[in-house]
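Let's take a walk through this model together, starting with the overall fold and ending at a single side chain. Have your viewer open and follow along.

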Amino acid sequence: MIYLKLFLTFFKIGLFNFGGGYAMISFIQNEVVFKHAWLTTSEFTDVVAVSQVTPGPVGINLATYTGYTAAGDAWGSAVATFAVCLPSFLLMLLASRYFLKYQHARPVEAVFAGLRPAVVGLIAAAALVLCNAENFVDYKSVLLFAASFLAVWKLKAGPIAVIACAGALGLVLY
């Protein structure tokens with residue numbers, strides 16, 4: 001029964017989310033923390049952090065870890081991962097047949113014009129979700145955020161270097 005719940009939950013997440021893994025974070029949290037209670041808020045925050053620094057898309061990493069935690073085995077991971085990827089795969093098969101032909105059509109351009117700001121909003125919502133009572137934002141966190149943002153934006157620093165520096169600074173500061 002848990003495998004069916006995992007499949008349906010992550011299939012729905014994969015089907016109704018646009019914008020990649022970061023845009024999925026708040027939707028995944030609602031499903032796995034609040035609706036199904038497979039993870040606590042603290043565990044979810046830890047999973048998000050680990051998912052960001054491990055190879056692969058964040059949404060898929062979240063699905064894999066949640067599936068393992070919920071089912072207690074690798075089959076849970078496999079089911080959740082497969083389910084979150086399946087809608088994208090099916091939609092891309094369908095879209096690839098028609099997108100190149102209709103990409104400059106006015107309705108298609110209008111849909112994408114509407115999706116862009118929505119995706120930015122979903123990513124911002126994911127950032128706000130992680131700013132909760134268990135992850136109290138103090139001045140050190142704000143400074144690390146600002147330094148990381150400026151390093152990427154102005155200095156064009158690579159994400160690996162920024163993550164490594166932030167981790168080292170976190171070890172020293174906390």
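Predicted model: local features only at pLDDT ≥ 70, side-chain atom pairs only at ≥ 80, totals over all residues.

Residues are numbered from 1 along each chain as its sequence is written, and side-chain values use heavy atoms, with hydrogens and water left out.

Now the big picture. The protein chain has 8 helices and 0 strands, where helices (H or I, at least four residues) and strands (E, at least two) are DSSP runs numbered from the N terminus. Reading along the sequence, you get α-α-α-α-α-α-α-α. Taken along the principal axes, the C-alpha atoms fill a box of roughly 50 × 45 × 25 Å. Of the 174 residues, 26% count as buried; buried here means under 20% relative accessible area, exposed means over 50%, and partly exposed is in between (1.4 Å probe, protein chains only). As for contacts (heavy atoms within 4.5 Å), take those between residues at least 6 apart in sequence: 58% of them join residues at least 24 apart.

On to the helix pairs. Two packed helices are described by the angle between their axes and the distance between the axes. The axes are lines fitted to C-alpha atoms, for helices over the stretch in contact, and angles run from 0 to 180 degrees between N-to-C directions.

Start with helix 1 and helix 2, which pack at an angle of about 160° with their axes 10 Å apart. That makes helix 1 roughly antiparallel to helix 2, given that angles under 35 degrees count as roughly parallel, over 145 as roughly antiparallel, 65 to 115 as roughly perpendicular and the rest as oblique. Helix 1 passes helix 2 in a right-handed crossing; a crossing is right-handed if the near helix is turned clockwise from the far one by less than a right angle, and left-handed if anticlockwise. Helix 1 brings Thr 9, Phe 10, Lys 12, Ile 13, Gly 14 and Phe 16 to this contact, and helix 2 brings Met 24, Phe 27, Ile 28, Glu 31, Val 32 and Lys 35. By class, these residues divide into 7 nonpolar, 2 polar and 3 charged, with Ala, Val, Leu, Ile, Met, Phe, Trp, Tyr, Cys and Pro counted as nonpolar, Asp, Glu, Lys and Arg as charged, and the others, Gly among them, as polar.

What about those charges? Side chains of opposite charge can pair when their charged atoms come close. A salt bridge is a side-chain nitrogen of Lys or Arg within 4 Å of a carboxyl oxygen of Asp or Glu, and by this rule the count comes to 2. One pairs Glu 31 with Lys 12, their closest N and O atoms being 3.0 Å apart. This pair links distant parts of the chain, with Glu 31 in helix 2 (residues 21–35) and Lys 12 in helix 1 (residues 2–16), 19 residues apart. Glu 31 is buried at 3% relative accessible area, while Lys 12 counts as partly exposed at 26%.

Glu 31 also forms a salt bridge with Lys 35, where the closest N and O atoms are 3.9 Å apart. Lys 35 and Glu 31 are 4 residues apart in helix 2, so they are separated by about one helical turn. Lys 35 counts as exposed, at 52% relative accessibility. Shared partners join Lys 12, Glu 31 and Lys 35 into one network.

Helix 1 also packs against helix 5 (residues 74–102): their axes come within 8 Å and cross at roughly 30°. This crossing is right-handed. The helix 1 side includes Tyr 3, Phe 7 and Phe 11, and the helix 5 side includes Trp 75, Val 79 and Leu 91. Overall, the contact has 16 nonpolar, 3 polar and no charged residues.

Finally, look at helix 3 and helix 4 (residues 58–71), which pack at about 130° with axes 9 Å apart. That makes helix 3 oblique to helix 4, and the crossing is right-handed. Phe 44, Val 47, Val 48, Ser 51 and Gln 52 in helix 3 meet Val 58, Asn 61, Leu 62 and Tyr 65 in helix 4. These residues divide into 6 nonpolar, 3 polar and no charged.

Ser 51 sits in helix 3 (residues 41–53) and, leaving out residues up to four places away in sequence, touches Gly 56, Val 58, Asn 61 and Leu 62.
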